[in-house]
Amino acid sequence: MKGSEFYDAALETMPAEARERYVNENLRDIVQYAHDHAPAVKEKMDRANVKPSQIGTVKDLEKIPITRKDDFSELQKLNPPFGGFLGVPETKDVFVSPGPIYEPEIPECQFDAAAKALYAAGFRKGDTVIVTVSFHLVPAGAHFAGGLDKLGITMIPTGVGNTELQLQVMHDLKVTGYAGTPSFLMTLIKRAEELGYNFRQDFELKHALLGAEMLPESLRRSFEQDYGINAQQIYTTAELLLLGYECSQKSGWHIPEEVLIEIVDHETGRQLAPGEVGQIVVTPFNKIFPLIRYGTGDLSSIIAEPCSCGRTSPRLTGLLGRVGEEVKARGMFIHPRQVKEVMAKFDQVSQFQVKVGRQKQRDTITVNLELKDETLDKQKLTDELAQAFQDICRVKADKIEFVAKGTIPEEHKVIVDERTWE
Ligand SMILES: [Zn+2]
């Protein structure tokens with residue numbers, strides 16, 4: 001990985017002592033900055049009676065309260081649009097992520113982080129890449145675009161959907177790289193096969209940077225062995241952007257130098273040791289949106305040993321679940337609150353439960369319903385409910401099933417995740 005001329009690759013291989021110094025210096029700097037420029041950060045530090053001068057090392061961060069992702073949309077409603085977390089006088093962009101949560105422009109350092117992830121996955125100048133994530137509302141497309149730009153790589157902003165057009169573009173322009181979800185990459189491959197192509201021979205695709213969904217090892221193997229595509233994962237969130245990326249060793253996600261991550265016990269709020277599972281809490285070195293101690297709700301643990309690739313950053317072991325009750329399906333979080341909001345529109349429904357499963361490498365969403373009155377027009381209810389579900393949850397339910405009274409237990413989870421990941 002001996003570095004790239006496009007970003008400061010020396011940061012990735014800092015010896016342990018230099019890394020510790022680097023992290024603590026950046027931490028002191030961002031905490032002081034956020035305290036002075038983002039009123040919400042000052043407010044939460046005042047509330048906990050902490051001064052910036054008391055934050056010298058990562059351990060000291062425990063003194064500052066965590067801002068939970070679940071509360072963030074409420075904080076933004078009370079103090080629109082950014083909840084008091086904007087660290088600059090103005091922003092040139094506003095992004096809108098599900099929630100809705102508003103985010104300001106992407107900081108330059110996050111384009112470096114995206115470039116690191118792409119470089120680590122084998123993307124180089126000379127490649128031609130389709131970016132199949134959304135270029136509107138959310139920051140995903142712009143984030144990838146900035147990373148590719150740093151590396152001098154040709155980008156085609158194909159966005160979401162349009163499977164056949166994407167295939168034509170891939171074929172005509174000899175596309176070598178893919179950025180997007182694992183499931184859509186498989187959709188493209190399968191459609192190409194249905195159209196009579198031999199994917200390996202007729203396409204030039206060599207590397208894929210995959211995110212927003214789990215990548216089961218069986219699916220990775222299929223991309224690599226059946227189709228000759230090197231597949232590497234990233235971990236991103238809309239508010240914080242890149243938080244982890246795989247190197248060629250594919251054994252954990254390197255944490256980019258642009259953010260600081262703690263793994264925190266959900267109950268006590270204390271930092272956990274490497275290997276222990278807890279919530280991913282992030283402090284990005286981002287002066288535009290300095291979210292000091294942002295609780296993602298995602299669970300993971302840290303691998304502290306240096307990686308054989310040469311990067312010395314700690315690694316995350318992957319996503320091990322969620323702190324709350326939300327379930328991520330097809331790249332979107334579904335919150336029990338959203339499902340309840342849908343059902344509140346339908347008096348006829350007495351009990352409901354959403355089941356998330358997995359079929360042919362794709363997440364499936366089934367809504368089970370018990371009715372007060374079995375004789376009503378079920379087709380009409382199905383159509384209306386499907387529409388309301390899509391409007392509110394921003395993802396389509398595959399099936400709406402009517403079950404007999406008493407099938408859904410009295411005490412039940414609103415959303416059940418029945419997926420297994422082999
Ligand atoms: Zn590595």
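Reader: How much space lies in the largest cavity of this model?

Author: In this predicted model, the largest cavity is lined by 15 residues, and those closest to its centre are Pro107, Glu239, Leu241, Asn286 and Phe289. The space in this largest cavity is about 90 Å³.

Reader: Which elements give two or more residues to the lining of the second largest cavity?

Author: The second largest cavity holds about 30 Å³ of space. Its lining consists of Ala114, Leu118, His143, Phe144, Leu209, Ile234 and Leu242. The elements that contribute two or more of these residues are α4 (108-120) and α5 (140-151).

Reader: How many charged residues does the lining of the second largest cavity have?

Author: By class, 6 residues of this lining are nonpolar and 1 is polar. The number of charged residues is therefore none, because Asp, Glu, Lys and Arg are the residues that count as charged.

Reader: Which residue in β9 is the bridge partner of threonine 236?

Author: Strands β8 (residues 230-237) and β9 run antiparallel and are joined by 4 bridges. A hairpin of 3 residues connects β8 to β9. Within β9, threonine 236 has as its bridge partner leucine 242.

Reader: How many residues of strand β9 are buried?

Author: Strand β9 spans residues 241-245 and is mostly covered. Buried here means under 20% relative accessible area. The count of buried residues in β9 is 5 of 5.

Methods:
Residues are numbered from 1 along each chain as its sequence is written. This is a predicted model: local features need pLDDT of at least 70, side-chain atom pairs count only at pLDDT 80 or more; totals for chains, interfaces and linings use all residues. Side-chain values use heavy atoms; hydrogens and water are left out. Buried means under 20% relative accessible area, exposed over 50%, partly exposed in between (1.4 Å probe, protein chains only). Two strands pair if DSSP finds at least two bridges between them. On a 1 Å grid over the protein atoms alone, a cavity is a set of points where a 1.4 Å probe fits but cannot get out, and a pocket is an open set with protein on both sides within 12 Å along at least five of seven lines; lining residues have an atom within 4 Å of a point. Grid points are joined across faces, edges and corners, and a volume is the space filled by probe spheres set on the points.
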